[in-house]
Each structure stands twice: as C-alpha cells, then as structure tokens.
Amino acid sequence: MLKIGVFVCWCGSNIAGTVDVKAVVEAVKAEPGVVFSTDYQYMCSEGGQSAIRQAIKEYELGGVVICACSPRMHETTFRKAAEAAGLNPYMVEIANIREHCSWIHKDKEEATEKAVVLCRAAIAKLNLNKPLFPGESGVVKRALVIGGGIAGIQTALDIADAGYEVDIVEKSPTIGGRMAQLDKTFPTLDCAACILTPKMVEAAAHEKIRLFTYSEVEEVSGYVGSFRVKIRQKARSVNRELCNGCGECIVKCPSKTASNAFDEGLSKRSAIYIPFAQAVPNLPVIDREACLRFQTGKCGLCEIACSAKAIDYEQEDETITEEYGAIVLATGYRPMSLDRYDEFQYSQSPDVLTSLEFERILNASGPTGGSLLRLSNGEKPKSIVFIQCVGSRSDDGCGKSYCSKICCMYTAKQAMLVKDKYPDIDVTVFYIDVRTPGKNFDEFYRRAAEAYGVRYVKGMVGKVAEWKGRLQVQAVDLLEDKQLLIDADMVVLAAAIEPDPGARKIGAMLAVNMDQNDFFTEAHPKLRPVESPTAGVFLSGMCQGPKDIPETVAQAGAAAVKVLGLLSKDKLVGNPCVAISDETLCNGCSSCEALCPYDAITFEEKQVMVQGRRETRRVAMVNETMCQGCGACTVACPSGAMDLKGFTNRQIMAEVDAICR
Amino acid sequence: MPMSTESQVQANAPAKAPTNAPANAPANTLINTPGNEEKDGKAFRPLIVSFCCNWCSYAGADLAGSSRLTYPADVKIIRVPCSCRINPLFILRAFQRGADGVIVNGCHPGDCHYSTGNFYTRRRMALLFSMLDFLGIEKERTRVEWVSAAEGARFASVMREFVEQIRRLGENKKLGDIRCKE
Amino acid sequence: MQRIIGKMREKAKELLEAGTVDAVLGWKKGDFAYDPTPAFFYSTDELDMLAYDGFCGSNLSKYLVEYGKEKGKVLVFLKPCDTYSLNQLVSEHRVDRENVYVVGVGCDGMLDVQKLRDKGIAGIEEIEEAGEDLRIHTLYGLKTCPRDEALLKKCQSCKGKEHKLFDDRIGAEESRDIANEDRFAEVAELEKMSPEERFAFWRAALSSCIRCNACREACPVCSCHTCIFDNARSGVDAKANASEFEENLFHIIRAFHVAGRCSDCGECSRVCPQAIPLHLLNRKMIKDIQSFYGAFQAGDSADQCSPLLSYSPDDIEPDAFDRWKGVM
C-alpha cells in the first residue's frame, strides 16, 4: 500500500482562523495509507517545503497530500519539493482548504468538517495515483508561414533574422498580398509599394527564407515540433531556373483578355503574365485557362519569343514534403462579395466600385494609370460618394456582424487623396459611426473632414440609382433628420472584409477552429492572442480578425517571437496528464477520434493479447504530444478503454466516494 | 408493484417540509442561518458534489474564495481538467453514494480552454438530465452552469441557490432505493 | 414470409458452393414452430434447417461482430430494420462491410408468441402465414388470428420496408404494409406524468431486473469486447449487486452508452425475460436527440456522425430540456 503523508497548512490565520488544522491532522490519520500527518504555519515557505522533503525521506512516503491553498496557486511548488526528495511530482495531491473552505465559511466546526472531507478525497485519489512521466519530443528548427502578404512576410523576416529557416507558401504567383494592391497607407500616406516592396525583396533575398509561390499546402500531419507538410507547387509553365524576367513573352502573348485580379478585374492582362511590376519572384506564369496554346493547341508565341528557352508547356505540378517545428497561419482576407447589395447598383453600374477597386483607380499602376476617371465614360467625376459599413456591422443577414475596422480610416484616406488632387470634386462620406482609435487616426479623420472639406454625413444610404447618365444617391441625414438626394458620378462602397475562403481547408488540416465569422480562433482571446488552439500553430494578421497594417505587423512580430520561443528549444516536455487507451478494451469504434479537438487519436490494426490469445484488433492510439488532456474522449468511449492519466475514472470516482461517504 | 405511491409520498414528506415551515425565510437569507431548522430541531444539510473544470469554474471558485464570498459548506468541489471529462457515471455514482444534488460547472460555451469540450458536455448533460427526469429523479437535483474564471461572485451565488434548491427538495432517496426493500 | 424460404436456401447454397461466402448466418428451425434461433450454417447439407417465418424477430447483425474476419466471408439474411444495426456496426468499424454479403429479406412484421398465448391459443404445432391472417394448427384444432394482433412490440412501429444496405434482396418488394404506431407515444405518456408517478413506474419496472444481461447481449450496439460492468478495473463492476441502485445504474448507463447509436431495433425489450420496457429508455433518448438536435436515425447510413460526437454552438442549454417536452 502507498505510504501517504498529509501536510495541513495554516496559511497564517487564513486557514487556521477558520479550520481547526490540528483536528484535520488527527482526523485523517486513520485514512487508508496515511502513515504521517502534520501541520505547519506556511507550507509554501522554505521551511514548509523542507518539512515535506524530510518527511518523504524519513517515512519513505510514496505520495503526499497538501491541504493548503488552491492547486492553481502552489501545485507546482509542492510538486517540485516532492521531486527534490526523489518522489514523482505527480504523486502530490492538493486539497484546497483555503479558497474552497476557510475563506468562504464562517463556522469553524463546519469548515473543519469540510476540510477533513476535502482531505479525504485527496487521499482517496492519491491512493490511485501512478507516477507520471511527461513525454519528450524533438523540435525541427524550421518554420512554415502560410500566406505571403505583409503578415506572412514580416513573420518570416523576424524568424529568419533570428537565424532560423523559414518557408513561405503563397498561393498566388507573387508575395505581397493585399498590401501590394494599395496606393497609399493611412495615416501617414506613405506609398504602399514604397514600404512593402523592399520587404518583399528582403524576404526573397534572405538566405534563411525560401519562397514557394503559386503553391498550396496540401496535407499536414504530425504535431508541435515536428509537422510534416506536403506542398504542391503548381505548374507555372515557365522554368524558374532559366527565366531571366525580361518580359518579352508577355509582350508577344496574343491572348490579352484575361481578367486582371491584381486590378480587381478592372483591367485585362495577357495569358502569360507577371501580376505586377514589382512582383517577387519576377517570374511569369501561364494562365492555362486563358492561354491559346493550352486551349486550342495553336500558338506558342511566347516560346518563340523567349531567348532563355524558359517556356515549358509540359511542366507539371510538383509536390514536396518538408518538416517544420512550427506553422504560422497568415492567410489574410478579401473584401466580401457585394452581389447581394443590389440597392447600391454595384453589379449594374461601372461607376459603383468597392474601395479596393477605387484604390486601384487611384494607383499610378492601376487601370487608369492613376487618373481619376469614371469607368463608364472616361470623364472626370464631379461628385463622389463614399458609403461606409457596406456589409459590416450588419444585421440584415447579407453581411457581417462585425466591424471591419479598417474602412473608416481608408475611406478618410481615399476621400483625402481625391480632395488633395482635385479640390473641386465634391466628396461625401456616409457613415454609421466614424471609428478612429489608433495613433494619429482621429487627427487624420478630422483633417479629411475639416482641412480638406470632405462632407461627412451620419446615415445610411438607402438606394443608389442610375439617373440621366449619373448616379443618384438616396440617403438619410440622421443628425439633420432629413432625406438627402445627392447626384454622384462615382460611388465607392467600403465592403466588409472577410477571411480568405482558402483558410477553412488549411484550418481543418491543422485542427484550428474558426469562429462564427470564419476567423481563426486564438488559444485564449486575451492572453494568447497569436497562438492557435493547436500547439505549434500560430496566427498572424487578418486571418485572426480585422486589423490594419501596423497591427498586422505587430502581430506578425508577436507570432514570430512565439515561433522563436518554440524553435529555440531542443526538446519539448509534454503534459503527462494525457489520454491513454487500453488496447485490450478498445472496440476500435472511432468515437474518440471523431471528437478529439487535437486530432491526437489515430487507429491501427494491431496484435493484441486478450486472455492469453493473440488477436488482431483495430485499436486507438493516442499521440501524447498532441493530446492536451481535455478528456472528451474518455466519456465518448463506451467501453471505458480510454482514460485520462492524472484524472482517471477510478480516481474521480474515489473522490466522489470519499466526499459522499 | 412492491411499494405503494403513498409510502413514496410519505418518504418525501419531511423533505418537503422546509418549504411549508413557518420558520422558512426567503432563499438568500437562508444561507448559513442557524434558524433554518425543522420541527425536530435538526436542519437538513444536503450533500452536494460540484464538478468544476480547471480553467474557468475552478478558478471562479477560487476567486469566490479570495473575494471571501460565502456559500454553504455543503458544496464539495471536485476538479477536472474540462467539463467534458465528466462521465455520467461520476454523477450517478455521487447519487448512488448519497449525494443530494450534483452540479456540473464549465467554461462558457465558446470559451472552453480546449475549444470544444463544453459543447460536448452541454449535449451529454442535456440528455443525461432529461433521462434522469424521465426516470422520476427531479431535474432540480442536477444542474449545469457556465462560470468563468472572473465570475467569483456568480459562482458563490449559483452555489447558494443550488444548495437552497436542494434543501427545499429534501434528501435524495430516490436514487438510493430504486428497488424496494419492504 | 415463409414463401421465400426456398429462394433463401437456393441463394445460400449457390454462394456457399461458389465459394463466395464461407458461412451463412440465418435462423435455424427450433423445437417448436415459434422458436427459430440465430445460427451459422457452414455447409449446404445444413441448409434444410434454415428457417424464415414470423418468429425470426431476432436481429442477426450483432452476431457478425464476433464472427472473425479470419473465418472468411459470411452471408447474412437481414430484415429491413436489421440493416440499420449493421450500418451502425459498420460505421463503428465493428463489422467489416467487405466481409459480409447482405441478403435483404422481405418482412411481414414479426410475431410474438406470447400474444397468441394470451389469446388462449395453446399447443401450437404449426403456423401458416396466410396474408393478413395466421392459420394456427394446434393440438386442439385450427385457430386463426389476424397477424396485426400478434405483432411484436417493435414491429408495431415499423421503420419501413427499405433495406439500408444489401448486396442482394429476396422478397423485399413483397413486404407487407404495417399500420405504423407513433413510436414516441408511450414516452410522451410517461413525460406527462409527475416525477413521482414516473419514479413509481420505473421502480416497478426496473426492480424486476435480474441482471441476466440479455438486453446487453442482444443489443447490436452493446458490442464492447468487455463491458465496463464486467471489467474489474472500471470501478463499477459487480459480481453481485452491492446496492439496490445498481440495476438502475446499469440501465441508465447502458441507455447513455447507446445514445446516438441505438437504431431502436427493440431487441432489448424483446429479449427481456422480465418484460421490462427497456426500449422506452432508448426511445426517450432518441426523442430528445431529435427534438434537441434535429432529425437523426442511427444506422441510416454508415458514414453519419452521432449527435453526441458533434455539437452546434447554438445547442439548447441542459436546463432547458423540459421546455422541449412534447414538442415533437
């Protein structure tokens, strides 16, 4: 039988004032296994800990029960003390007689009685404890960043600068992401390309960073410290070793009618293309859907034009498998589709644009070469109306319930840019609220409204109608309480942002949940905002929630720090209180596998010894590194094969029995 | 049938007495009030097992303690990593061994430390408690509460309420004597 | 369905001879006209004993669990409702679908000999199933009884004539239509009672339990290698019941363990020697699952997820269950 020592703490008068500690010491002496029990002023003090160590040696204790404060306070302290005396740290149980007893009860007799019961429960549990040993696993010193926008680039740079290898997987042919499409950035009006492209180049040139553009993550297995990731590099039809980026192929390409995604579809591009001038890598890709050679078999002009012989129509997708210690999700966002907002004429009128489309119009490399023109007739507009919160903060069922956070600021920016260049254009902004929390944000907005004369109207627009070749905006001014009818040449809709739809598939591979809006959930919304619930997977940028560029960069850095903290370790020490399956009892039904939030359970056909006979059975295997010890599987398991170390069925029932005795 | 319904009613009668007893005061003042006594002078002290998940409810109970918010000593807490660790067996075992009420506490849905644990708890307990109710075990004897680590005051008040509810119901005989001895 | 036995024997013979299957799982003639029992047939000469009549109520799916893969492929005859159980077992990897050749057989609704006895029909020698009526040859002469008046409890709420999985079918299109009772009616009646009345009802019912475990043995989802109630390490095993609570514990836990998996095949009640209406516990669970979490039928397909292994963020709160009473 286990020899148990019981230590009852006074905690000064915190416990001893309400609980008769001497009586507790006496009452538990007869409990099964108890060979020693004592009390002490402050168990957590060095004196108290040394008393524990001494008693363990003197009485050859196999386990100790400490009746003291909450285990959330000093469980680690007492485990270490026991370990120092040669005891397995998991042979320590705490009876919480302070927070759950002395502090909440006034009557000493009652409190003492309860303390004895709590102590008995701890003893009953301890009698069934087994020494536990945390598993160790190695760490592959390399990180994977999924998504090559500003979030992914910054995370990768920070990790690489610290000396670790990083791979970036980006699904489009270039890194840069949404930020590359922007003209200027608020609140300082820096040119987006001027601050982003150096980072893109730095990432590409960094000796610790590898770029996998036009690539997607196809499969992930493994766990924190050692993920195995299958990456599919889609065929570019251009040999990256041979291509020198001269662009002659693009000039010669006769198929120039594909929609240019970089310009949000406002312009056309050739079938072989580089998304934009500063794209990294500067390597063309053939859009096989648009290419005459692939569609009709008749063309091949790019091949003829290429002096480097880099065009390769036969190129196939390549799949590589790499190992990583950590994974960062930086899958970004997109503006939501406004198909369901017909009242704003978005699908009908070329002069009704989303803000991102308008951003392209303002940009010198955009579809109009930076001239502010109406797309319907190429004329300069006289009046522009911006409508905020299109799809954000919505309760109409078409939009998003959340605030997209960036729209107030970029609308102010765009309005200001228009006014700066063309003071004669009337600019009106319709808003629900103007939200400008951020350094220099409110000043920026006020400058737009006050110095630049942008007209801000509180109220939502009910309808935009085409009228005599122009647009008529019907709205309400809530402050003036009147109906407005404004003639406009262009209407710009601040479309709500939403997580990139590709994120769901990746989240599922990594067992990272999404919230009701499809943003990835954090391990803890306040205290672990850049960690995902899956160990070793971190979150960077918009995929976790709406944020602007400075916030994205800050979060990217935070994610990098978390990655570095992980990669700098040689061994990961796990939590030993994990699920364990008894293969002789396991039915192989997969119930546990179905609800494990960490994908920690797999099934194997295995030779199992049953009553002296060998039998091949399908049995559950728990990956101790991935299991976080929630115990959901233990209840789903009908046969009781699945149990949780440290909180076994019998241990918990022993506690119940002791309490109900 | 081995036992008549009348004797069942009789068995429950003393238990129901507190609600009718003139000494009975409103729920919240009953707590720790020595006046809550039955006619024979002995107050019924229920035995209540309160399962708490480590991350939210147990921390909430700790906060109730450090805020010195009182609730009756009848409540005994058992710590589990997550409410989804609570096997219906544990609850039935508590009743079998004489508990008068069992309360399951977990993080608020959506806030589970393990992200989804309490969603499973919610389904399991909804079905289990409905089943117990179907067997004639008062649904008031079982309860699920979502208590966050910040809700110390709520933890204490939930415990007070629950104890009071069980006091009113009286001793739990039903689960002990499903097969009649008479 | 006595009329299809010839075709069933032919099919079994054909597949055994061709080596497609190594065994046949069916019903074997008993000592009396009303007690065929589940049996494996390994050779064609045994097939004379293969039976199929109104007393083949037993669900053969469960027997496939213990039939090891190493013994080869097995032909099994399943009635429409039995196929739900097999689907469930396949979904739980307890039966390898590849290892089974399912012949779906038609069904006219299975019979309860007790109901005939209750009508004073004794000394049964032979029963002719003639459409809507039974012609019963007894020691005391010929008796008749409408088939519907002798149906097994479980057949009074038939799940339908469709076989949910099969490789072949015999007589499936000839299955008889059965007037379908609301299977939740009894549950709803109990729900209307006061807790005291319900308690009295269950005490009367469960106190007669002798823990023979017939319900467990017959139940197609109670298929654990070792039941927790037999496992010395589980902490809840008991050779002899230590307290009067334990039958109750056993039945509640059993109902909970099969929740979301029970296809409502009714075998538990059919085999109970004490006539405890155990199916009511399962139906209560099914009724709750359906009213709380939406339509669900265990065994409908082999790749659906049990409602207890999934969730919705908007699920009802456990204290709200009584508000849902009688919603369905």
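In which hand does H19(A) pass H3(B)? The crossing is right-handed, a label used when the near helix is turned clockwise from the far one by less than a right angle, with anticlockwise giving left-handed. The model is predicted, so local features need pLDDT of at least 70 and side-chain atom pairs count only at pLDDT 80 or more, while totals for chains, interfaces and linings use all residues. Residues are numbered from 1 along each chain as its sequence is written, and chains are lettered from A and ligands numbered from 1 in the order in which they are written.

Helices here are DSSP runs (H or I, at least four residues), numbered from the N terminus. Axes are lines fitted to C-alpha atoms over the stretch in contact, and angles run from 0 to 180 degrees between N-to-C directions. A:Ile652, A:Met653 and A:Val656 meet B:Phe90, B:Arg93 and B:Ala94, contact meaning C-beta atoms, placed from the backbone, within 7 Å.

Within chain A, H7 (residues 150–161) packs on H16 (residues 549–567) at about 40°, axes 8 Å apart, which makes H7(A) oblique to H16(A). This crossing is right-handed. Contact residues include A:Ile150 and A:Gln154 of H7(A) and A:Val553 and A:Gly557 of H16(A); by class, the contact has 10 nonpolar, four polar and one charged residues.

Notes
Helices (H or I, at least four residues) and strands (E, at least two) are DSSP runs, numbered from the N terminus. Angles under 35 degrees count as roughly parallel, over 145 as roughly antiparallel, 65 to 115 as roughly perpendicular and the rest as oblique. Two residues are in contact if their C-beta atoms, placed from the backbone, lie within 7 Å. Ala, Val, Leu, Ile, Met, Phe, Trp, Tyr, Cys and Pro count as nonpolar, Asp, Glu, Lys and Arg as charged, and the others, Gly among them, as polar.
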